[in-house]
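Reader: I have a model open and would like to go through it with you. Could you take my questions one at a time?

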Amino acid sequence: MDGALSIAESAINANQTEIAVTSENVANAQTPGYAEETANLAALPGGTAGIGSGVEVANISQAQNLMLQMNNLQAQGALSNLNSLQQVLSEIQNIFPIGQSSSSSSNSTTTNTGLAGQLANFWNAWDSVAQDPSGSAPRTEVINQAQGIATTLQESSTQLDQLSANGVTQLQDSVSQINSLLTEVGQLNSQILQTEGAAGNPDAIKDQLQGILGQLAQQAGVNVQYGSNNTATVTLGGVSLVQNANVANVTLVDTGGTYSLQANSPGPVSLGVSSGTVAGLLAGVNQYIPQYQNELNGVANSLITTVNNQLAAGYTASGAAGGPLFDGTGAANIGIVAAVAANPSLLAAASTTGAAAANDGSNAQTMAEFASSQTGADSQYQGLIQSIGSITENVNTQVSAQTAVANQAQSALQSATGVNLDAELTNLMNFQSNYQASAKLLTVIDATMQSLIQAVS
Amino acid sequence: MTSIDPTLPITMSPSSVSNQMIEDLGGDQTNLASLEQQISTGFAINQPSDNPEGAANLLQLNASLTRYTQYQTNAADGQGWLEAGNSALSSVMSVLDQVQSIVEGVSGDQLSGNGNELPSLAEQVSSALSEITNLANTTYENGQPIFAGTGNATQAYDSSGTYVGAGSAPTRTVAPGTQIAVSMTGPQIFGSGTTGLLSQTSGSLGVLAQIVQDLQTGTQASVSNVEGADLTNLNAAIQQVSAAAATLGSNQQAIEQFNTQASQATSTLQQQLGSVQDVNMASAITNLQLEQTSYQAALWATSQLSTDNLAKYL
């Protein structure tokens, strides 16, 4: 009878553990990084006449699928990379509005916004000068249009600079997050070692580690390997950042405007980053923003050169040689020559010197025809728009594709290691009826004992 | 709407299902927003990445449209100049016709008798001279003298009939690389020096001033000079003016044609622009309705997600 009683007790204990594990699973169904746990039962040997001595919980195991885990980390890192790049590119794109015209109206009232429209209006203004070379209003209009173009170019250039500065700030944030995540990984590693040293179950810590590694992959696309002692080794670009409890810090390095990551392990080692938010930001700050800053400078420089050269070939009404309208060399420093702004009659509208220059607008006329140039500032700007458009479109497409990939990787991992509530609840019903049966067993044994006691009393 | 991937494992955890749903909803919302933007702006290209090549094309077409609009403005301005020139020259011609009939009517008879008409004829020719000088100083918008070339912003001839302009006649750009002269210079129309119409400088009198002087002198010799050399010179000058009027007339025709061409080019450009930038409303609205349906379906499916699990039936 004693044997039966202790067998029933072991059954009740085991059922309680099973129900507790199910509770844990249901409670953590939505916890990031949590892997489904199972209480593994084993029959207890011993007892009289080979019956055995009941049941025990041999161990509590965790669903694991390393391949899906790695796939997921990589997919999330790649998605973060593209997302941050997409953000930078669409912000660059917003700096360059394309403008629209109302084509429905029969008379041609174009409402051009953006640099392209301003350039078109600027060239046209020179034709107005040609129509009335001695009038002051058309010349003032040329100055105003030129001023507008210079302002737009300067603003766009400043916006690109700000975008770059914001990118660097974001990079610094990312780096400090990466460092605190790396520190956490190191701490969790040493907790795992301690728990295992004390023969405990480190599963909860491993779940936490999973969550942290997911964040790290999103930030920097790290590689993760698990040691036989269950600790995670984190490497980035082939450089080890966390091993057991040892953590190498990451710093952002500015080499003449080009940014990169460096690990101090312990000496400085440069890190190749090709995934994660950081990779997208680095591409934006190092490559794309400078590229469009350059292209914009090219537009500005082409405009300055074209206009000033044509003016140098002309003469003022009094026959003096023409001087420049624009000063500066690029988008950041383009401006209007102050003397001309103050006195628009200095604009060299005439193409001849001497008496015939008095009311001559033929140089202005030649200037206006640069509107149709296939190599000038206008077509360079069109090239810039097409280039930023194609790159952004391309990254947009990649983001949609990678989002699907990342979601699929996540789902696959969830399916393999996540908690399925229906399964848990079905298990719970089993455990519950098992528990009821074990309890019934106790009462039956109790009743048997009672009748035995009554019989002998 | 992204369809649920058939390769996914059959056992799905609630969070993987809800992730999928969130992705579907997000995708639907992006499509909806893009279509709504297209419909509300009427533009198929709202940022370069919508259609990079189209965006560059759009800028090019817009720039051409702006340019061709300017060609129309230039042509209209040139037409104004040429009309002013033609009307001035036709007035000059009619004044010259009067002078011609006066000169042809002069005969030695008018020298004799009491009714010496020569001084009054001289008077008439003299006033014709000042009338023509005035016409030669005809101005167009903002007081630009149309027969002064590019050399003078206020007048073509001074009070002594001396040409004070310089350079050649101004032109207007009416098509890419095409300039048309919108006037002629004074000397091209009225000649210069002793064979010109307008000079009143003594020692180098122009045709009209010479006629006036000859009529005023009133000798047999001077009257026969009127009938002879003066008339010959006058006829030559009339021919030059009428040739100039013909040139201006043909320029006017040319510039009108260019104006028409520029206007046609403008509407062609607008059509091209429309085909690049305008949304096909019918298909955009149909697509919007499809997207809305699919979004609503996804929303419905999501609303079912939270309620359906085994706990409900236990």
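Reader: Which residue forms a salt bridge with E369(A), and how far apart are the closest N and O atoms?

Author: E369(A) forms a salt bridge with R67(B), and the closest N and O atoms are 2.8 Å apart. A salt bridge here is a side-chain nitrogen of Lys or Arg within 4 Å of a carboxyl oxygen of Asp or Glu. This is a predicted model, in which local features need pLDDT of at least 70 and side-chain atom pairs count only at pLDDT 80 or more, while totals for chains, interfaces and linings use all residues. Residues are numbered from 1 along each chain as its sequence is written, chains are lettered from A and ligands numbered from 1 in the order in which they are written, and side-chain values use heavy atoms, with hydrogens and water left out.

Reader: Where do E369(A) and R67(B) sit?

Author: The pair crosses between chains, with E369(A) in the loop between α8 (362–368) and α9 (377–417) of chain A and R67(B) in helix α2 of chain B. Helices (H or I, at least four residues) and strands (E, at least two) are DSSP runs, numbered from the N terminus.

Reader: Why does E369(A) count as buried?

Author: E369(A) counts as buried because its relative accessibility is 17%, and buried means under 20% relative accessible area, with exposed over 50% and partly exposed in between (1.4 Å probe, protein chains only). R67(B) counts as buried too, at 3% relative accessibility.

Reader: Which residues are linked with R67(B) in a network of salt bridges?

Author: D127(A) and E369(A) are linked with R67(B) in that network. In the salt bridge between R67(B) and D127(A), the closest N and O atoms are 3.1 Å apart. D127(A) is buried as well, with a relative accessible area of 2%.

Reader: What is the count of salt bridges between chain B and chain A, and how many does the structure hold over all chains?

Author: Between chain B and chain A the count is two, and over all chains the structure holds four.

Reader: Turning to the interface, how many residues does the contact take from chain B and from chain A?

Author: The contact, meaning heavy atoms within 4.5 Å, takes 62 residues from chain B and 62 residues from chain A. The area buried between them is about 5,000 Å², of which carbon and sulfur atoms give 50%; buried area is the accessible area (1.4 Å probe) that two parts lose on being put together, summed over both. The rule also finds 22 residue pairs in polar contact across this interface, both at pLDDT 80 or more. A polar contact is a pair of N or O atoms within 3.5 Å; within protein, one must be able to donate a hydrogen and the other to accept it, and residues adjacent in sequence count only if both atoms are side-chain atoms.

Reader: Which elements supply the side of chain B that touches chain A?

Author: On that side of chain B, α1 (14–41), α2 (52–105), β3 (171–175) and α6 (220–277) each supply at least two residues. Helix α2(B) gives the most, with 19 residues.

Reader: Within chain B, which residue does D77(B) meet in a salt bridge?

Author: The side chain of D77(B) meets that of R172(B) (2.6 Å, N to O). This pair links distant parts of the chain, 95 residues apart, with D77(B) in helix α2 and R172(B) in strand β3. Both D77(B) and R172(B) are buried.

Reader: How many helices and strands does chain B have?

Author: Chain B has seven helices and four strands, and along the sequence the pattern is α-α-α-β-β-β-β-α-α-α-α. Buried residues make up 45% of its 314 residues.
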